[in-house]
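Student: I have a structure open and would like to go through it. Can we take it piece by piece?
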Amino acid sequence: MSTKAVTPSVLDPAIMLPALRDALIKLDPRQLVRNPVIFVTELVALVVSLLWVQEMATGVGAPAFSGQIAAWLWFTVLFANFAEAVAEGRGKAQADSLKHGKADLFAKKLLFPSDETDLSSEVIPATALKIGDIVLVEAGDIIPGDGEVISGVASVNESAVTGESAPVIRESGGDRSAVTGGTQVISDWLRIRISTRPGESFVDRMIGLIEGAKRQKTPNEIALSILLSGLTLVFLIAVVTLYGLALYSGTDLSLAVLAALLVTLIPTTIGGLLSAIGIAGMDRLIRFNVVATSGRAVEAAGDVDTLLLDKTGTITFGNRMASEFLPVNGVDESELAKAVLMASLADETAEGRSIVALAKSDFGLSEPEAAGGETIAFSAQTRISGIDIDGRQIRKGAVDAILNFVTLDRTSAPAEFNAAVDRVARTGGTPLAVADGHDLLGVIHLKDVVKPGIKERFAALRAMGIKTVMVTGDNPVTAAAIASEAGVDDFLAEATPEQKLDYIRREQQGGRLIAMCGDGTNDAPALAQADVGVAMQSGTQAAREAGNMVDLDSSPTKLIEIVEIGKQILMTRGSLTTFSIANDVAKYFAIIPALFLATYPELGALNIMGLASPQSAILSAVIFNALIIVVLIPLALKGVAYRPIGAAALLRRNLLVYGLGGLVAPFLGIKLVDLAISALNLV
Amino acid sequence: MTNTNWQSYGGETTMSHLSQMLGLTVQNFVSAASGIAIAVAVSRAFARSGVDRIGNFWIDLTRATLYVLLPLAIVVALAFAALGLPQTLTGSVSATTLEGANQTIAMGPMASQEAIKQLGTNGGGFMNVNAAHPFENPSAFSNYLAIFSMLSISATVVYTFGQIAGRRRQAWALLSAMTILLVIGIGAIYWAETAGNPIHVAAGLDPALGNMEGKEVRFGQAMTALYAAVTTGLSNGGVNAMHSSLTPLGGLVPLFLIQLGEVLPGGVGSGLYGLVVFAILTVFVAGLMVGRTPEFLGKKIEAREMKLAMLAVLILPLAILGFSAVAAVIPAGLAGPTNAGPHGLTEILYAYSSAAGNNGSAFAGLSANSPWYNTTLGLAMLAGRFAYIVPVLAIAGSLARKAKVPPSSGTFPTDGPLFVGLLVGIILILGGLQFFPALALGPILEHVLMLAGQTF
């Protein structure tokens with residue numbers, strides 16, 4: 001598994017400079033209207049700027065003060081734009097190279113698609129391709145669009161998408177038939193049926209997800225935006241009505257101070273960082289070499305209740321390995337080991353090699369000289385392999401096949417032998433019988449070896465509140481044994497694609513969210529039904545189309561990282577929202593006494609921060625409000641760290657940091673800014 | 001029907017016994033019953049899933065009246081009568097006072113109306129001065145009974161919620177949040193009232209007595225504090241002292257309690273669904289911090305619920321601050337308050353808070369019987385009741401349709417002390433942020449001015 005999650009520094013000039021430019025471009029109200037809080041800030045900044053111009057022209061009022069307020073309001077908007085631009089910039093490098101590769105692609109569309117032999121073609125721009133078109137790609141060509149190989153075998157360099165430079169084989173049929181637009185054929189040729197419209201391919205969707213302007217908001221992001229807009233309205237009411245209440249109290253509040261109060265109260269911090277959080281989350285996913293085709297899926301990943309994991313390759317190593325030799329009929333254990341070593345020397349399967357390895361490591365046997373015996377290769381018909389050497393006929397194979405070889409059956413076999421076979425089967429292993437001529441020597445215990453560390457990962461998932469379910473084609477006995485060894489919560493034995501689908505549906509009806517990964521075409525229905533379906537890049541096109549994420553490294557355990565990234569995005573949003581709202585308390589204590597100090601000096605009692613003057617208090621609050629966005633950009637991009645410590649503990653921790661921190665920090669921050677302003681004599 | 005019972009009239013002088021009994025007592029029953037019906041509908045939304053029905057309003061209304069309110073009202077009315085509240089159809093009694101003047105003493109079927117007034121958290125008394133009147137609230141015992149009956153249904157509706165939704169622990173958590181806020185409120189009023197008014201002390205009054213202005217000597221500060229906090233926390237609105245005469249900070253508390261949305265434990269039913277809206281906001285903000293999309297009692301809180309909850313939250317500031325700001329600048333509004341300066345502003349704020357919060361208690365001192373105030377207060381009442389109920393029922397409907405998410409160790413637990421603390425925090429901060437500027441210009445300003453020796 002590759003972990004390319006290297007986070008580039010926020011201060012990287014390659015990202016900073018374009019981001020500064022983009023921040024200005026994003027001032028366009030048509031773009032900004034997508035973000036109501038910042039849009040309101042921009043409107044207010046505009047109004048205060050006009051007020052400043054009017055004050056400059058007429059000489060009435062305090063242009064120096066309103067000018068500074070206006071400037072900082074613009075900065076607030078710019079900082080928010082900058083945060084989004086930086087987040088985009090980090091993902092953009094990858095997207096740009098993908099886009100570049102796609103820029104002027106041409107496709108060789110076959111003129112006679114139904115004729116397998118006639119490969120004559122016309123060259124058309126890749127953007128003119130339609131679903132179902134058959135194209136030819138030859139060595140050196142860039143594949144013009146996502147599709148499925150219908151004939152041919154070729155090696156393809158997919159580094160443009162996966163970052164992995166070793167070429168992969170793509171061929172028709174089987175699990176390696178999917179090709180991605182923008183990747184390059186290195187040798188041979190392929191006939192490909194195009195399966196996506198131009199502009200909707202994998203790479204296009206990936207680009208769309210990291211570009212703020214095109215990005216679709218996720219459901220939770222929409223709900224949060226509604227909360228923020230609602231709060232903005234509440235504060236708008238509070239500020240507008242304050243004008244009337246202040247008039248009653250003999251104070252005519254100026255537009256500039258009301259504007260300052262409004263902008264400091266509305267949740268600009270989270271409003272300005274909200275889209276940056278989402279983009280950075282997608283970007284983090286891409287750095288983990290996972291491409292999501294919708295932001296909704298990433299968010300759903302944070303909510304996942306149940307993980308469906310394939311046993312083979314995910315929980316266990318792909319192959320079964322020999323774990324012990326069980327001699328019968330008084331045969332010595334080392335004698336059995338010696339016999340199976342000889343019988344397996346020519347066996348190149350993984351199981352055969354594991355037998356050799358076990359015999360060598362546990363019994364200290366050395367490689368016997370190839371004594372020139374005649375090896376019997378395994379075949380599906382006989383289900384037996386072995387060696388004829390020195391007049392001995394050593395065989396190993398499936399229990400029934402060996403019993404047949406020694407002309408016995410399960411009822412007539414020695415009880416000791418049957419007991420050994422049953423013991424192996426009961427613990428989830430696969431028994432292999434060993435015979436020498438007509439004598440049974442013993443049983444080899446082949447075992448599914450659970451990957452090291454996987455149990456701990458499942459424990460961590462359980463602490464997150466996620467149930468793990470192992471899916472396997474094994475019989476229930478074997479499945480149960482492995483399930484208990486790996487520490488999964490549940491298993492689905494002898495699973496057919498229909499059973500998988502049914503299981504997912506049943507869980508979903510109980511209100512649970514399901515994540516699964518798969519690569520084969522028969523996984524496609526389940527992948528489509530799951531809330532988070534991760535397809536392997538090495539899998540079939542059908543699987544890739546059905547899932548809503550693609551893992552470019554084809555590593556099934558990555559589901560765990562995906563869940564963590566989903567949770568991080570949600571946590572970062574919640575923490576910064578809490579921080580933003582908690583900030584308002586201090587801002588009130590800065591601004592309210594400042595507003596009415598002239599009329600009621602007694603209200604100075606509320607000036608608990610001891611700010612220098614009403615003007616400096618208001619300006620400090622506005623400056624703090626703008627700067628805090630910049631200060632929090634790195635946190636928004638990096639995300640609040642997720643720890644699998646249970647919801648209550650996590651909440652307590654985040655509340656302490658972002659809730660209490662949000663209450664206290666602005667008191668200190670505003671005071672510091674106020675000291676700086678007074679020292680510089682800005683007001 | 002809005003369960004407000006703001007009295008611009010003086011009950012005993014302007015209305016006949018028949019109209020008090022038929023017109024007002026029936027209203028007292030029905031408005032409380034409709035509050036219960038809505039609370040029950042909201043509770044069902046959490047119990048059901050995948051349905052688009054949350055009960056029949058008329059059936060619930062009838063059940064609440066027949067099985068809950070009527071039996072309780074009879075018992076409480078008998079208790080009140082036993083404690084000395086008049087229950088008679090005789091008209092006024094004439095008496096010759098010690099000075100020899102002829103005085104007319106108003107009498108009437110008070111006990112029965114008093115019972116449902118308190119049970120239904122309506123608060124419209126038989127007498128103009130409400131529960132400060134010796135006939136409406138003759139003794140310490142009747143005072144306690146009044147407070148007890150005010151609290152009884154509102155608090156038990158929360159338990160009903162837990163019972164219907166199948167989460168009794170959740171009900172206790174909600175009740176704890178209510179209790180904490182209420183106790184803070186009572187404590188604050190008691191502190192402010194016993195600390196007294198330095199001007200009185202300067203005038204030679206015994207500082208040990210605290211502020212007794214406007215209080216019935218038979219109740220004193222402690223019982224006044226209790227009654228004031230409960231009546232405003234509850235959307236009841238009966239008073240046993242004139243809130244206008246509380247010290248500025250003592251007056252701030254009831255005002256703020258109403259502005260918090262009267263959820264402590266609130267009007268019959270309305271307190272519960274108000275608190276559910278706050279709980280939804282709380283889980284939305286805090287729930288995200290555990291790394292899951294927010295859910296409350298297994299129901300996902302999504303954009304639709306958020307939109308409706310924010311709509312409900314907007315009603316109070318709009319009605320209270322909006323009308324107050326206008327009233328504070330136009331002549332028709334300025335004609336209302338009898339006191340000048342911040343105290344006058346507090347009177348205006350209190351009037352609209354009380355109306356929009358469907359409390360109906362008066363701060364006193366505001367002459368509200370003018371076309372401007374009657375109209376705008378009426379509008380505020382309607383907005384505070386119905387503009388709130390509509391989004392709340394819509395939330396209930398939307399939640400009822402959703403599937404229930406089974407809880408896991410990754411789910412944010414909403415029945416523990418952490419949630420209670422958060423809920424209290426969100427209610428205080430959200431309420432505080434909305435109303436702090438207005439309160440700063442009203443009671444807080446008056447307080448600092450009082451300390452400086454200035455009164456209004």
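Tutor: Start at Asn681(A), which sits in the segment after helix H22 (647–680) of chain A. Keep in mind that this is a predicted model.

Student: What is phi of Asn681(A) near?
Tutor: The phi angle of Asn681(A) is near 55 degrees, which is a positive value in a residue other than glycine.

Student: And is Asn681(A) buried or exposed?
Tutor: Asn681(A) is exposed, as its relative accessible area is 63%. The cut-off for exposed is over 50%.

Student: Which loop is Arg383(A) in?
Tutor: Arg383(A) lies in the loop between strand S12 (374–376) and strand S13 (384–389) of chain A. Phi of Arg383(A) is also positive, near 55 degrees, and this residue is not a glycine.

Student: New topic, the inside. Which residues touch the most other members of the largest nonpolar core?
Tutor: Those are Met549(A) and Leu595(A), in a core of 248 residues. Helix H20 (residues 558–596) of chain A gives the most to this core, namely 19 residues.

Student: What does the second core include?
Tutor: The second core is separate and has 23 residues, among them Leu358(A), Ile387(A), Ile394(A) and Ile444(A).

Student: Now strands. What is the order in the open sheet of seven strands?
Tutor: In chain A the order is S9-S21-S20-S19-S10-S17-S18, and the pairing is mixed. Strand S9 (290–292) and strand S18 (490–492) are the edge strands, each pairing on one side only. From one strand to the next, the twist averages 20 degrees.

Student: In what sense do S10 and S17 of chain A pair?
Tutor: Strand S10 (residues 306–310) and strand S17 (residues 467–471) of chain A pair in the parallel sense, over five bridges. Within that pairing, Leu307(A) has Thr468(A) in S17(A) as its bridge partner.

Student: Which strands does helix H16 lie across?
Tutor: Helix H16 (residues 476–486) of chain A lies across S17 and S18 of chain A, and runs at about 150 degrees to S18(A).

Methods: Residues are numbered from 1 along each chain as its sequence is written. Chains are lettered from A and ligands numbered from 1 in the order in which they are written. This is a predicted model: local features need pLDDT of at least 70, side-chain atom pairs count only at pLDDT 80 or more; totals for chains, interfaces and linings use all residues. Side-chain values use heavy atoms; hydrogens and water are left out. A nonpolar core is a set of buried Ala, Val, Leu, Ile, Met, Phe, Trp, Tyr and Cys residues joined through side-chain atoms within 4.5 Å. Buried means under 20% relative accessible area, exposed over 50%, partly exposed in between (1.4 Å probe, protein chains only). Helices (H or I, at least four residues) and strands (E, at least two) are DSSP runs, numbered from the N terminus. Two strands pair if DSSP finds at least two bridges between them. Axes are lines fitted to C-alpha atoms, for helices over the stretch in contact, and angles run from 0 to 180 degrees between N-to-C directions. Contact means heavy atoms within 4.5 Å.
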